[in-house]
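Dear colleague,

I am passing on the structure that we talked about, and my notes on it follow below. Please look through the model first and then read on.

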Amino acid sequence: MVCGGRETEIQYVDYLKNHLHLQAVTVKRRGSGETPEKLVKQASLDSDSFDHVWVLCDVDNFQRQIVTADRMASRGGVNLAASNPCFEVWIMWHKEKGFSPGLGIREAQDRASSLGLTTGKHKKDLKIDELMGRYSAARDNAQHARELHARSGLALPENVPASDVDLLVNAILSAEGCGPDRL
């Protein structure tokens with residue numbers, strides 16, 4: 001896995017690693033803060049070395065680049081777990097459904113904070129205890145959003161809000177041989 005975020009995403013990946021005692025997953029943090037295209041290029045370099053290669057990133061202000069990154073990932077054997085517009089959508093879905101079209105970055109960050117899931121000056125520090133036991137709700141919300149977007153014909157970058165982090169987590173759970181009840 002190559003992770004694009006500098007703060008919240010890294011904290012979430014650390015939570016997965018520590019809580020699940022991951023054995024079958026290698027996390028490469030290189031590329032932190034890079035564009036989705038650069039992250040996919042970096043991940044593609046390792047695609048022959050691993051069973052599955054993932055990029056975890058936000059759409060943020062990379063609307064044009066995310067479309068190219070998605071195509072590159074498909075061609076290069078890389079899985080893309082993008083959150084649109086930002087990772088906080090995935091975080092807030094642990095406590096509530098939030099399918100308001102046009103959800104902005106600040107709105108998602110503010111909502112995650114008001115739900116007690118993030119804290120800190122920039123609302124980027126995860127409250128891990130608040131996430132625990134809520135994975136199934138977040139996964140269900142992400143799946144529901146994908147279904148809504150598919151029915152409406154929306155794809156990256158128009159599919160706001162959206163997150164494929166559940167697909168990444170499901171792959172991790174499968175690789176580790178454990179179920180979603182662990183989260």
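**Fold and backbone notes**

Read along the sequence, the chain runs β-α-α-β-α-β-α-α-β-β-α-α-β-α, where helices (H or I, at least four residues) and strands (E, at least two) are DSSP runs numbered from the N terminus. The radius of gyration, taken over C-alpha atoms, is 15 Å, close to the 16 Å that the globule rule gives for 183 residues, so the chain is as compact as a globular protein of that length; the rule itself is 2.2 Å times the number of residues to the power 0.38.

This is a predicted model, in which local features need pLDDT of at least 70 and side-chain atom pairs count only at pLDDT 80 or more, while totals for chains, interfaces and linings use all residues. Residues are numbered from 1 along each chain as its sequence is written, and side-chain values use heavy atoms, with hydrogens and water left out.

Buried residues (under 20% relative accessible area, with exposed over 50% and partly exposed in between, 1.4 Å probe, protein chains only) make up 46% of the 183 residues.

Most residues other than glycine have a negative phi, and most peptide bonds are trans. Against that background, a cis peptide bond with omega of about 10° joins Asn 84 and Pro 85, and Pro 85 sits in the loop between β3 (79–84) and α4 (88–92). The bond from Leu 156 to Pro 157 is also cis, with omega near 5°. His 21, in the loop between α1 (8–20) and α2 (36–44), has a positive phi near 50° and is exposed, at 54% relative accessible area.

Best regards
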